[in-house]
Amino acid sequence: MKISEFISDRLRRLLFQAVFVMAAVSFLSFTGTGRGVLILLLSFWAFTLICVQTYDFLKCRSHLSALESIMDKLDEKYLFAECIPKPQSLYERRLFALVKQSGRSMIQAVSDAHASSRDYREYVESFVHETKAPLTAARLISRQTGPETGRKLTEELSCIEAHVERALFYARLDSPEKDFLIRQIPAAQIVHHSIERYQSLLMQSGFRIETDNLEQTLYTDAKWAEFIFGQLLQNAVRYRSASPVIRILAKQSGARTVITVSDNGIGIPAHELPRVFDRGFTGSNGRSQGGSTGMGLYLCRRLSACMEAEIRISSKEGGGTQVTLTFPACGPRPA
């Protein structure tokens, strides 16, 4: 609190006191009180006023500083009313009681919202796991049909499975600690598992895959990392060129491991690059191709942040896209 703010807050009261004192001085002067006595009375009033207001200012500033310190130390700011000391005056106690009642109502609303969100997340996870069984069955049935029909059905099932998996990872974003295990894993293991998972889709799309230097080690969560690479492979398939190629290269950069995934697809317009990691952003390519949700790269960025990995993207329209993943030298620090 500044002195100017304090004076501005008390200005009406100070003006009222000044008017009252001037009226008293005028009355005493009219009744014949000497000038020296009046000056003495004015000096005493001014001195008393300055002392009282100075004490009041220091007390208010100290009290506000203590409250701000309590607020800064709180992780859950809405618990502020439960943590501050009880005020002294009757008016402040009544006001404090109303604020506390309001705060408790808000805490209850927040608790209800968290419970509802948790229930919804658990339902989504249950739904996803239950959906995987019929998807697997449908994939097995598709192998018994004709080659062309089987290929189309497999492609559509892969698309459904990808959407379901994105829903599962999105539901887990608010509580990553429940499904998060950092280990030392060879880069080749994660990359090859991701390629094997989408092997039929890549083969049907005519992709040539080139890898190099994958003997590097990553400190990451295998399942989350494979999901990220899977999203990058799916994007490469969706926005492929006539003779599609994917190149995956790993290298050591100081104590960190850098993996680059590049393709020769249709690329991304320069003005859309800053927004490709935004939730729900599909871009002109996504709208023209159809079926894009704008969630893949958003989830990649969020999951990378949880693993303290860095993800960057560069692209040239008509010249392909390059995504760079930089993994930490050791596992993320405990929360």
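Leu-11 is located in helix H1, residues 3–30, where helices are DSSP runs (H or I) of at least four residues and strands are E runs of at least two, numbered from the N terminus. The model is predicted, with local features requiring pLDDT of at least 70 and side-chain atom pairs pLDDT 80 or more, whereas totals for chains, interfaces and linings use all residues. Residue numbers start from 1 along each chain as its sequence is written, and side-chain values use heavy atoms, leaving out hydrogens and water.

**Surface**
- Leu-11 has a relative accessible area of 41% and is therefore partly exposed (buried is under 20%, exposed over 50%, partly exposed in between; 1.4 Å probe, protein chains only).

**Nonpolar cores**
- A nonpolar core is a set of buried Ala, Val, Leu, Ile, Met, Phe, Trp, Tyr and Cys residues joined through side-chain atoms within 4.5 Å.
- The largest such core comprises 46 residues, and Phe-229, Ile-246, Ile-248, Ile-259 and Ile-313 have the most contacts inside it.
- Elements that give two or more residues to this core include helix H8 (222–238), strand S4 (245–253) and strand S5 (256–263).
- H8 supplies the largest share of this core, ten residues.
- Leu-135, Leu-157, Val-164 and Leu-168 are among the seven residues of a second, separate core.

**Ala-81**
- Ala-81 belongs to helix H3, residues 80–83, and counts as buried because its relative accessibility is 10%.
- Leaving aside residues up to four places away in sequence, Ala-81 touches Phe-96, Val-99 and Lys-100 (contact means heavy atoms within 4.5 Å).
- Ala-81 and Thr-31 are 50 residues apart in sequence and 55 Å apart in space, C-alpha to C-alpha.
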